[in-house]
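Trainee: I've got a structure open and I'd like to learn how to read it. Can you walk me through it step by step?

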Amino acid sequence: MALPRNKYQELLLAPTRKFSRREIGILLILSAIALWGLFVYIHQFINGLGITGMNRPVYWGVYIVNFVFFIGLAHSGTFISAILRLVGAEWRVPLARAAEAITIFSLPFGAGSILIDMGRLDRVLNTIIYGRFMSPILWDITAVTLYLFSSVVFFYLSLLPDIAILRDTLPDDAPAWRRRLYRSLALGWQHSAEKYRRLEKILGAMAIFMTMLVVTVHTVVSFIFGMTLQPGWHTTILGPFFLVGAIFSGSAATIMIMAVLRWKFHLEEVLSFKFFNYMRKLLIALALSWSYFMGVEHLTVIYGNTSEEMSVIIAKFFGEFSATFWVMAFFCFFIPLVILLTKAKRSIGWLVTASVIINIGMWLERFIVIVPSETYPRLGYDLGHGLYFPTPAEISITLACFAGMALLYMLFTKVFPIIPVWETAQEIPGLHGYHGFEEDEAEEEHAEAPEQIPGYGDALEAGHA
Amino acid sequence: MTRWGMVIDLDKCVACQACTVACRMENNTPVVSPEESELGRSILWNEVFPLESHAELAAEDTGADFLTRPCQHCDNPPCIKVCPVQATYKSDETGGQVLQRYERCIGCRFCTVACPYGVRYFNWYAPEWNPEIARHLNPDEEVSPRARGIVEKCTFCIQRLHKAEQLAEEEGREFRASDYQPACVQTCTGKARFFGDLDDPDSLVSQLARSRRAFRLLEELGTRPKVIYLKEG
């Protein structure tokens, strides 16, 4: 049986063939940071959450910020691979796995952040033994577990033919563990047209389910805050606002990863600027949506002008959180929008700069949603001093989470092809192949040609053809 | 049904904090260092504080308003709904106190965030006492010191209810509402606190709760607190 014919096959599989010395060095550094975080966590587990900066009334700090942020990062994967699959955006194909891998490796740190934040991790099973389904935490456990499980299945299914390709093309001098790994993970996949057709069907059907799930999960994450009566949290806009923010930061993270992959694995031919440009346009749309929600939320609250809501707003706009708030506003919206509309049109470097700024901004946004509301609770008396600063312990654990995520991601790219080989193949026996790479050149030619506005009739004819 | 409630007459309260101290000795709430206290990590099931502290009002005005605040023991408590392990619950069999199962709490602090009154306290470290104070801990097992990493709160001194019921049984007589009184009520120097059955229309607390001076904290939220305040003046 013939393998799918992909002219870039060797290029895409090259990173999985061996570890370079520099890569091993990076892996060691990441492991060291992750282990340091683990050490700090053990210290926290033994001594108590007192080693954090959390207090009364700021009972939740950066661990919960990380929880929302990591779950948010995860959303881009499903957005790009499921939602864009449903709307038939072919350009997603080479990016889908890189984005989905963010989902897979970010979710455990999101869920893990909740565990890190718990006072008594040793009693975590109580949530199952004595679970109270009226609590949004139980909703979260259900939603995130389902999301993680479904994403892994979705991810694995689309990886399956590529594992088989790895198995079939393994050089003779490859280490035995790779041979064993690929053989067992490929589950005996044969490259027959029928199998590919079935796989496409299943992935299409799962995409519908994943789309609903991605909307639900981040809405449920927002319910942890929205279901309480706290000023600034108790609003119906929180669900969609969290969702848009999640896809926003996740898409920015996808661009960052794409750029690193292109640079490190020499994928200039495959990850051409065209794909970055699609993501750039997506980011512009998301930045505008994000600012729309931001504007609507604040205008409604300020116009209503109730005293308990205003104490939060004033703290954010002019008070002790104003520096964080305005940096967030500029990082999430104004600065990236200017870059995206100008410099990033032609430069991946600028696009990555905008993406990094967006992600710093989105982390701060999660902080700004969570901490000021806690600092100014409804009953206007002095609960404590309530000024919250993360301690070195919290910062260490946060950095360790990011290092851990990068570590898993990097290991993955060294074992499996991060750009799908079968999905980007020009020819799969019995199936139409992917021609997104060629269209690239066609489009460039088109751009130079005098402007033509294709009529809708052309599209219809094309459809009939 | 009995529904235990408390009335606090703010006209009589002199903000002496005797309630806070009595509560501490009765319920073995841990002492924290001044630095921890500065972070707002003191554990005071009953707390006395000036109102409107975010404004400078209290500082300027010598007639500062003080509020003394135990758990409000809501009939519709926002803290209970959010607990993922049913560690916090309203004990209807014992008269509607909002209680905490210390051995079950996982320390997620959702209840502390959800409570609009800020009456729930988290054990950031394992509790510690210096030996002098440790000798005076209440030996009652029901109030034995709580572990690190969990939430604790005012119980209306539920252990005193259990003791009072037991005593009535030993003495072979019917339990009366007046047998049970939390430590803060018993100790109140200005006799500003009253305690009793809100479901008994003739009880003193019921009568006071009907007073035109009566109000409840954040009444508009619909939490239906069983702590009723009487306005000053």
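Trainee: Let's begin with contacts along the chain. Among contacts in chain B between residues at least 6 apart in sequence, what share joins residues at least 24 apart?

Mentor: The idea is to ask how far apart in sequence two touching residues are. In chain B, taking contacts between residues at least 6 apart in sequence, 64% join residues at least 24 apart. Keep in mind that this is a predicted model.

Trainee: Then how far can I trust chain B, and what pLDDT does it average?

Mentor: Look at the predictor's own confidence. Chain B averages a pLDDT of 91, and 94% of its residues score at least 70. For the complex, the predictor gives an ipTM of 0.91 and a pTM of 0.91.

Trainee: Next, overall shape. What radius of gyration does chain B have, and what would a compact globule have?

Mentor: You compare the value with a rule based on chain length. For 233 residues, a compact globule would have a radius of gyration near 17 Å, and chain B has 18 Å, so the two agree. Along the principal axes, the C-alpha atoms of chain B fill a box of roughly 50 × 45 × 40 Å. As for burial, 45% of the 233 residues of chain B count as buried.

Trainee: What is chain B built from? How many helices and strands are there?

Mentor: Count the secondary structure elements, then see how the strands line up. Chain B has nine helices and ten strands. Four strands form an open sheet in the order β8-β1-β10-β9 (chain B), with mixed pairing. Its edge strands are β8 (193–197) and β9 (214–215) of chain B, each pairing on one side only.

Trainee: And the pair β1 and β10 of chain B: parallel or antiparallel?

Mentor: Check which way the two strands run. Strand β1 (residues 4–9) of chain B pairs with strand β10 (residues 227–230) of chain B in the parallel sense, over four bridges. For an example, find B:Val7: its bridge partner in β10(B) is B:Ile228.

Trainee: What does the same check give for α8(A)?

Mentor: The 34 residues of helix α8 (residues 193–226) of chain A should span 50 Å, and the end C-alpha atoms are 49 Å apart, which agrees. Buried residues of α8(A) include A:Tyr196, A:Met206 and A:Phe225.

Trainee: Last one: how many residues of chain B are in contact with chain A?

Mentor: For an interface, count the residues on both sides. Here 40 residues of chain B are in contact with 40 residues of chain A. On the side of chain B that touches chain A, α5(B) gives the most, with four residues. By class, that side of chain B has 25 nonpolar, eight polar and seven charged residues.

Technical notes. Residues are numbered from 1 along each chain as its sequence is written. Chains are lettered from A and ligands numbered from 1 in the order in which they are written. This is a predicted model: local features need pLDDT of at least 70, side-chain atom pairs count only at pLDDT 80 or more; totals for chains, interfaces and linings use all residues. Two residues are in contact if their C-beta atoms, placed from the backbone, lie within 7 Å. Ala, Val, Leu, Ile, Met, Phe, Trp, Tyr, Cys and Pro count as nonpolar, Asp, Glu, Lys and Arg as charged, and the others, Gly among them, as polar. pLDDT is the predictor's confidence in each residue, from 0 to 100. The expected span of a helix is 1.5 Å times one less than its number of residues. A residue is buried if 20 or more other C-beta atoms lie within 10 Å of its own, exposed if 12 or fewer, and partly exposed in between; C-beta atoms are placed from the backbone. The radius of gyration is taken over C-alpha atoms; the globule rule is 2.2 Å times the number of residues to the power 0.38. Two strands pair if DSSP finds at least two bridges between them.
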